[in-house]
Amino acid sequence: MKNLTIIIGLITCVLFQSFGFYNSNNVVKFLETLNSEQLEKVMFPFEDNSRESWHFLPNTSHPREGISLKELNKEQKDLFFKMLGYFLSETGYNKTKKIISLESVLAELGGDPDYRNPEAYFIAIYGNPKKDNLWAWSFEGHHVALNFTVVNGIITASPRFFGANPAIVKSGSRKGERTLHREEKLAYILVNALTEKQREQAIIANVAYKDILTYNHSKVKPLKPEGILASTLNNSQKTQLKAIIFEYLSALPDDLAHIREAQIHKEEFNDLRFAWAGSTKKGEPHYYRIQGKTFLIELDNTQTNANHIHCVWRDFDGDFGRDLIMEHYKKSKHHN
């Protein structure tokens with residue numbers, strides 16, 4: 001058993017290292033197309049304070065560091081989105097692009113085009129991916145906050161925030177389109193599959209919170225351990241809970257998603273808590289969270305008549321790669 005664990009660990013390490021090296025090359029290719037002025041905007045020291053600062057408001061409400069999509073030519077944009085595609089799964093990439101495109105929907109529905117700008121999304125790179133063993137990058141704007149950290153070829157990708165406004169397009173040329181609907185649908189199925197006694201444990205408030213509780217905090221600690229324990233669910237309900245978790249993980253490339261999924265199922269699944277606040281009827285304000293020892297998922301849909309989703313994945317020790325960075329510095333100090 002011990003040997004099997006070691007083998008699995010080595011395979012995991014190889015997968016991560018291979019994936020990380022591959023993406024470093026794609027980042028370098030993108031950077032090589034930038035001129036000196038653009039490079040000055042996009043490149044930051046790894047220790048820069050902005051690396052752990054993030055938000056999901058439009059840029060005019062919360063200005064970002066880095067270079068915007070608007071400042072890139074077509075070739076540079078194409079290379080950037082190719083680079084983004086290597087750090088996300090097809091599902092995660094398509095969600096990101098769709099969320100960005102909702103800015104055009106909001107503008108079409110009467111919003112300020114300067115405020116609702118699909119090119120006001122910013123790229124920032126921390127450290128030098130061409131030569132450093134420790135570097136990071138972020139892609140951020142309205143309703144998108146993606147943070148990637150690479151430590152000796154191992155990639156982490158949290159915090160990950162997605163939002164959708166409108167979650168369902170109710171008028172205009174794209175009427176009927178839905179964004180982030182699976183994150184909601186799967187949770188509705190679970191909460192409505194609970195027995196009356198189980199719902200008493202799972203539903204922690206009759207009124208939904210106004211937003212995700214962790215908001216845009218740089219560091220988060222576990223929230224109050226409320227809700228129903230996964231260990232008390234029946235097999236069908238457990239399967240549904242796993243489906244919600246994997247929907248969030250599915251934004252990551254398959255190998256990363258499945259490795260993280262396996263860790264959760266092996267090490268902490270029975271201790272997970274599923275908590276709900278607000279109405280369990282579709283179209284009415286609601287909030288839910290899934291919390292374990294190492295991670296937290298939150299989703300809130302209360303704004304704009306419950307047609308405005310915020311959802312996030314947080315790793316308590318691993319956000320911005322903190323756990324891997326700490327280990328990296330310990331090893332470096334030991335070798336020195």
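**Cavities and salt bridges, with reasons**

Guide: Let's start with the largest cavity, which has a volume of about 70 Å³. This is a predicted model: local features need pLDDT of at least 70, side-chain atom pairs count only at pLDDT 80 or more, and totals for chains, interfaces and linings use all residues. Residues are numbered from 1 along each chain as its sequence is written, and side-chain values use heavy atoms, with hydrogens and water left out.

Visitor: What makes that space a cavity?

Guide: On a 1 Å grid over the protein atoms alone, a 1.4 Å probe fits at its points but cannot get out, so it is called a cavity. Its volume is the space filled by probe spheres set on those points, which are joined across faces, edges and corners. The whole structure has three cavities of 30 Å³ or more.

Visitor: Which residues line the largest cavity?

Guide: Among them are Lys95, Glu183, Tyr248 and Trp313; a lining residue has an atom within 4 Å of a point. Strand E7 (160-164) and strand E13 (309-315) each give two or more residues to this lining; strands are DSSP runs of E, at least two residues, and helices are runs of H or I, at least four, both numbered from the N terminus.

Visitor: And how much space lies in the second largest cavity?

Guide: About 40 Å³, with Arg51, Tyr126 and Phe320 among its lining residues.

Visitor: Why does the pair Lys95 and Glu247 count as a salt bridge?

Guide: The rule asks for a side-chain nitrogen of Lys or Arg within 4 Å of a carboxyl oxygen of Asp or Glu. The closest N and O atoms of Lys95 and Glu247 are 2.9 Å apart, so the pair qualifies. Lys95 lies in helix H4 (residues 90-108) and Glu247 in helix H7 (residues 235-249), so the pair ties together parts 152 residues apart in sequence.

Visitor: How do you know whether Lys95 is buried or exposed?

Guide: Buried means under 20% relative accessible area, exposed over 50%, and partly exposed in between (1.4 Å probe, protein chains only). Lys95 has 13%, so Lys95 is buried. Glu247, at 8%, is buried too. Both belong to a network of salt bridges that also links Arg182 and Glu183.

Visitor: What about Lys224 and Glu226: how far apart are N and O in their salt bridge?

Guide: They are 3.9 Å apart, so this pair meets the rule as well. Lys224 has 59%, so Lys224 is exposed, while Glu226 has 22% and is therefore partly exposed.

Conventions:
1 Å grid on protein atoms, 1.4 Å probe; cavity = no way out; pocket = protein on both sides within 12 Å on 5 of 7 lines; lining within 4 Å.
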